[in-house]
Amino acid sequence: MKMIEAIIKPFKLDEVKDALLEMGVQGMTVTEVKGFGRQKGHKETYRGQEYTIEFVPKVKIEVAVTDAQMPRVIETITRAAKTGSIGDGKIFVRELVAAVRIRTGETGETAL
Amino acid sequence: MNRSVRIMTTMLSVLACAILVGATGLYAQDAGVPASAVTAPLVQEAAPAAAPVPPKIDTGDTTWLLVSTAMVLAMTAPGLALFYAGMVRSKNSLSTIMQSFIILCLISLQWVLWGYSLAFGPDKGHLIGGLEWFGLNGVGLEPNVDYAATVPHQAFMIFQMMFAVITPALMTGAFAERMKFGSFLVFTLLWATFIYDPLAHWIWAVGGWVRNLGALDFAGGTVVHISSGAAALACAIVLKRRLGYGKEHMAPHNLPMTVLGASLLWFGWFGFNAGSAVASGALATSAFVVTNTAAATAALAWMVVEWLYRGKPTVLGAASGAVAGLVAITPASGFVGPMASIAIGLGAGVLCYGAVLWKSRLGYDDALDVVGIHGVGGIWGALATGLFASKAINAAGADGLFYGNPAQLGIQAMAVLVSVTFAFVGTFVILKLVDGLMGLRVSEEEERMGLDLSQHDERSYS
C-alpha cells in the first residue's frame, strides 16, 4: 500500500477530486496548507509598503491506495492539477505499513 | 500596575468632583430662572423702546446643525473606528475600535464639563477661555450671537463637541497596536484639555490671537487635522516602532472594513464642512459641493499616481486618497469654488501619497499614516486656502493669492507654523509625562499577544 500526498493549487481541488473518483479512488483527506517551492511567494503593497508573502496557500490531498493503483493515481493527479505554469505543486509517495477500517476491524488493502 | 490603577482612580475622582461642581452651578442657574421670568415683563413695560431685539432661533439652521452634529459623530464611530480597525492586524482590531469609541464618551464628558468653556468661553488674554461656562453654566438655549446667531447656544456647543472628539481619535492611528489602554485614556484627557482646547480658542474663539491675525480655517483644517497630524508625529517618535516593524507582516487585516469606514467618513464630512456654515443655505451648499468634489478628485489622483508609479491601482490607495482630499478641503470649504476644489483635491492625492511613501525612508512608525494624510493634507489645505480663497464665495472671508491678496498666504503659513509647533511640542511633553507616571507601551508579551486579548480579554473573531 502507498500513501500519496499531493500539494496542488487550491482552485484545482474539484477537478482533481472528480478525476480521482472517476478512476475508482474511494476517499481522500484534504487540508488547507501554506508553503513555498521554487515559486517563492508573491508581493502585496499597502500604501507603498511592500510585503513578500512567502507562504502561498495550497491544498494538500492525501490518498491511500493499493500498489497496483499507484501509477494511475499519480498520472490522474498530474493531469488534473496541471496548469503548466509555475506553482502547480508536487506529489510525494510513502510506504503505507498498515490500514484499519474502524467500524469493521478490517485490515490491509480491504480497509482502503 | 498598581500605580497606573491609582493614577486612573485619581483621574476618575477629579472627573467626579468636576461633575459635582458643575451640578451645583446648574442648580444655581435653575434657581435663577424664575426670578428673571418674573422681572422680565416689568422691565419691558418700563422701557419697551430700550429692550434689545432678542436673537431669533431659525429652525432650518438648527435642524441642519443638529443633523450635522450627528453626522460628525458618525465620523468617529463607526467611521474612523472601522477605517483604522481594518488597517491593523486582526489581533488588535477590537482595541482599535475601542479607542475611537471610548474617546467619543470621554471627550463628550470633558467638553460639557470644562472643554467647551476653555475653548469658547470668555477670552483670557487671547490665549484661553475662562471657566465661567464650566458644566455648561450659562450655555443655554438662547443663541450666542458671537458664534451662531440663529441656533441655540447648546446646538453650537454640541456641534463643536464632535470636532473635539474626532481630533484625538485621528491620532490613535499613530500609536496603533502598542499603547496601554489606561495610559491612552489619561493621555487623551490631558491632550484634549491642554492642546485641543487652547488651539481651538486661538483659532476660532472671539479674541483668539490667531483668529485676530486673520487666518482662515472654515471647518478645522488647522485645529483638527494639522494638530492631530503634528501630534501624531510626536506619538510615533516617543512610542517608537511596533515590535517587528519592517520585518514582520503587518498588512491590513480587513480592507473592506477600511473602505466602509472611509465611505462613512466621507458621508459624515458633509456635516463637518457644510455644517460649519452654522446655517442652512447658500454657504452650506457651496461647502457641500466643494467637499465632495475634492474628495473624488483626490481619490482618483492617488489611484492614478500609484498606478503609474507602482503598476497597480489599489483599493486602500483610493480610500486613502478620498480621506486626504477631505482633509485638504476642510479649511477651504467655505471660501473656495468648485474649480479650486479640484486643484486642492489633486494636490492632496499626490502630496499625501508622496508623504506616505516617504515615511518608510524616515524610519518612524506612524502606523496608520496620520502624519502623511492629516498632517500633510491639513498643511496643504491651509496653504491652499491662502491661494484659492475668494470673497466672491464668502464675503466674510478674504481673498487669497490668486485673487490678488498674497498676504493671506503668509497668514495661513503662520497659522500652520503655530499649530504644528504647539501641537508637536505640547504632545511630546504630555507623552513624556504620562510615560514617566504610568508607562505608555504594553509589555513585549502583551504586544505579541495583541491588544484585544492583553488589554480587554476579548477578541474580534472567535
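The legends below describe close-up views of a predicted model. Local features require pLDDT of at least 70 and side-chain atom pairs pLDDT 80 or more, whereas totals for chains, interfaces and linings use all residues. Residues are numbered from 1 along each chain as its sequence is written, and chains are lettered from A in the order in which they are written.

**View 1. The open sheet of chain A has 4 strands in the order β2-β5-β1-β6.** Strands are DSSP E runs of at least two residues, and helices are H or I runs of at least four. Pairing, which requires at least two DSSP bridges, is antiparallel here. Strands β1 (residues 2–8) and β5 (residues 56–65) of chain A are joined by 7 bridges; E5(A) has E62(A) as its bridge partner.

**View 2. Helix α1 (residues 13–22) of chain A packs on the sheet.** Helix α1 touches β1, β2 and β5 of chain A, contact meaning C-beta atoms, placed from the backbone, within 7 Å. Its direction makes about 10° with that of β5(A), angles running from 0 to 180 degrees between N-to-C directions of axes fitted to C-alpha atoms, for helices over the stretch in contact.

**View 3. Helices α10 (residues 315–329) and α12 (residues 370–388) of chain B cross at roughly 40°.** Their axes come within 7 Å. Contact residues include V323(B) and V327(B) of α10(B) and G377(B) and W380(B) of α12(B).

Methods. Two residues are in contact if their C-beta atoms, placed from the backbone, lie within 7 Å.
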